[in-house]
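Welcome, and please open your viewer.

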Amino acid sequence: MADTISPQTFNHLVLLAALEMDAKEADYLHNQLNLQLDAIRELEAIPLDDEIPLTTHGVPYTEQTSQPPRPDQLQPGDNPQEIMAQAPQVENSYIVVPDIPHADLE
Amino acid sequence: MQLCDYNAHELVDRLRRRQVSAVEILESCLARIAAIDGRPGTLNGGSQTAPDDDVKVHAFITLTPERARAQAEAVDRRLAAGEDPAPLAGVPVTIKDIYCVQGTPSTAASRMLANFIAPYTATPVARLEAAGAVILGKVNLDEFTYGSSNESTAFQPCPRNPWHPQRVPGGSSGGSAASVAAGEAPLSLGTDTAGSVRQPAAFCGVVGLKPTYGRVSRYGLIAFGSSLDCPGPIARSVRDAALMLQTIAGVDRRDSTTANLPAPDFLTELEHGARGMRIGLSPDYFRITYPDPQSGEYVQQPLPAEIETSVRHAAQRLAEMGAEIVEDVPMPNTRYGIPVYFVISRVESASNLHRYDGVKYGYRTSQVVSDLRQMYRKTRAEGFGLQPKLRILMGMYVSASQYSARYYQRALRARTLIRGDFERVFDPQGSYRLDALLTPTTPTTAFPLGAVYGDSVLMQYADQLTVPANHAGIPGISLPAGLDSGGLPIGIQLLGADYSEARLLRIARAYEVATQQDEWRLGRPRVLENL
């Protein structure tokens, strides 16, 4: 399978990823992505059928090793001011962002 | 030998006997840092140079001496009041700057979080502090842990290898391994997602332990690959690694992925030796497969002879101590560890990096923007370096609905095969019944700065002998096992079944005892030569 990430697909990914970049950076990243895809293609050599289960965690979670669910209880944080102080822009305890793109309904 | 050169357990012992105070230990570490660390990594540090940059370690991003002094004084006050010292009382520890420590910058070595002051403390760090450890500060890493050399940090100069400052310390816990190897602290808390504790430990000639996934809480760890990340100790001795694991291990209600199992006593059986242990050697860990940088073709070749010889010598020493060595253990899916990792880790990191948007915390662009979307794009373009961007783009590509079956699901099935290799050889009823697999930690010793950086594929292959354990979730430990002809440390690795850290530590300790009088143990990092 000889698919590579085309310039169009790359530009689409950049948009989806909420990134932007100049031509030099795009060239480097695009090239590296295709090199990584070559490495990933090694996996094509493994005979894998749909019977093989997907492993999302290496160590299985059993009834004995899994934590019981926590009670669904409200637990207020003890330092809201400290957390709000991390926001880049705050007014009257609201986090401020630039205009959110929207369309006015008729 | 200064106080800062002692092992953690020796320091606690001396403290308990009142031969030394916690403040004296701290001052010794701070003096070592002042002598050899040089300028810390800073955001604009790459555009400057200092005359001694090339002979310093540069492990730190943020040193917190006053916070550390307050902790050391509190330990001394408790001792003076007749209280029994806690297990790590007065032991200075460095923390990889990927953990939140309340009230201190927690940067992930990224411009994106350069101004972030953590409002809470990560569970492993809180447990270290509760055990009396003195937190010296935050040490450097690859940006968001994405790398194997530390060169990708946004905080330059990047850490150097104390054995040879023109060489990389490994990564991503490079600042951690360098700080321990250089005697700046006896312990450091790192993380291991593909080998990020074990590979730098091998490069810097120290001990690095990746616990079983779920053994140690990830609460307060800035996430990379959530199914792979493991907090782990870096130390100068096996006993110290066990001591630190004892402190940080165990279930945490704030991390539902921690296993609901009591942590065993990792120290009780430490000196029980290797007699009767079945230890495997696999030909699949004595060869490397990697893409040739010129042709792009995959080539397979044997490991450097010095590295294979170190592993075989270690097997011989363990056999002399009564271990049974099992040769030719097949681990056929080892070679797929990196391709699988290229997919899984990218998908998970892309997901984890979406939260950085310039809204709630961290970096926000100072440019004038027309709307929220433009703010996102400019913030992320300016805040992330090349490695996070690469991971986001690849993660989005291979998990896109039209490609997911071909890439992501295939990788998750191949992960099952990698896990199966380990289950087969560690099965107590199986043909091999291994207590541990003995392998090299890395395909090479520490490489020169600039030699690999920029080639994101070749850099990833530095982890090919460590990453299978992350896919499988099993524990692994890297130990120093000699020096190569250039005087650089060689690391060997022991891998074991789920939750078998105590057994790995016991075998590792047996090897340490067997080689205590070896000549290579007299070697010292170059940065310590003129002290």
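What you see is a predicted model, in which local features need pLDDT of at least 70 and side-chain atom pairs count only at pLDDT 80 or more, while totals for chains, interfaces and linings use all residues. Residues are numbered from 1 along each chain as its sequence is written, and chains are lettered from A and ligands numbered from 1 in the order in which they are written.

**Stop 1: chain A**

Select chain A and colour it by secondary structure. Chain A has 3 helices and 2 strands, in the order α-α-α-β-β from the N terminus on. Helices (H or I, at least four residues) and strands (E, at least two) are DSSP runs, numbered from the N terminus.

Now zoom out. The C-alpha trace of chain A spans about 55 × 50 × 35 Å along its principal axes. Its radius of gyration is 23 Å, whereas a compact globule of 106 residues would have one near 13 Å. This radius is taken over C-alpha atoms, and the globule rule is 2.2 Å times the number of residues to the power 0.38. Of the 106 residues in chain A, 15% are buried.

**Stop 2: chain B as a whole**

Switch to chain B, which has 15 helices and 13 strands. Its C-alpha trace spans about 70 × 60 × 45 Å along the principal axes. In chain B, 63% of the 531 residues count as buried.

**Stop 3: the open sheet**

In which order do the 11 strands of the open sheet in chain B lie? The order is 1-3-2-4-6-5-12-13-11-7-10, and the pairing is mixed. At the edges are strand 1 (60-63) and strand 10 (324-326) of chain B, each of which pairs on one side only. Two strands pair if DSSP finds at least two bridges between them.

Select strand 7 (residues 278-280) of chain B together with strand 10 of chain B: they run parallel and are joined by 3 bridges. You can pick out Arg278(B), whose bridge partner in strand 10 of chain B is Glu324(B).

**Stop 4: a hairpin**

Next, show strand 8 (residues 287-291) and strand 9 of chain B, an antiparallel pair joined by 5 bridges. The two strands form a hairpin with 6 residues between them, and Gly296(B) in the turn has a positive phi of about 80°. Is strand 9 (residues 298-302) of chain B well covered or hardly covered? Strand 9 is hardly covered, as the count of buried residues among its 5 residues is 0.

**Stop 5**

Go to the loop between strand 3 and helix 5 of chain B, where Pro157(B) is found. A cis peptide bond with omega of about 5° joins Gln156(B) and Pro157(B). Ser172(B) lies in the loop between strand 3 and helix 5 of chain B, and a cis peptide bond with omega of about 10° joins Gly171(B) to Ser172(B).

Asn150(B) also has its place in this loop between strand 3 and helix 5 of chain B. Its phi is positive, about 75°, although Asn150(B) is not a glycine. Why does Asn150(B) count as buried? Asn150(B) is buried because 34 other C-beta atoms lie within 10 Å.

**Stop 6: where the chains touch**

Show both chains again. The contact takes 63 residues from chain B and 44 residues from chain A. Two residues are in contact if their C-beta atoms, placed from the backbone, lie within 7 Å. On the side of chain B that touches chain A, helix 12 of chain B gives the largest share, 11 residues.

**Stop 7: Tyr461(B)**

Finish in the loop between helix 13 and helix 14 of chain B, the place of Tyr461(B). Tyr461(B) is buried because 21 other C-beta atoms lie within 10 Å. Leaving aside its neighbours within four places in sequence, Tyr461(B) is in contact with Tyr290(B) and Ile338(B). Pro339(B) is 122 residues away from Tyr461(B) along the chain, yet their C-alpha atoms are separated by 9.4 Å.

Note on methods
Buried ≥ 20, exposed ≤ 12 C-beta atoms within 10 Å, placed from the backbone.
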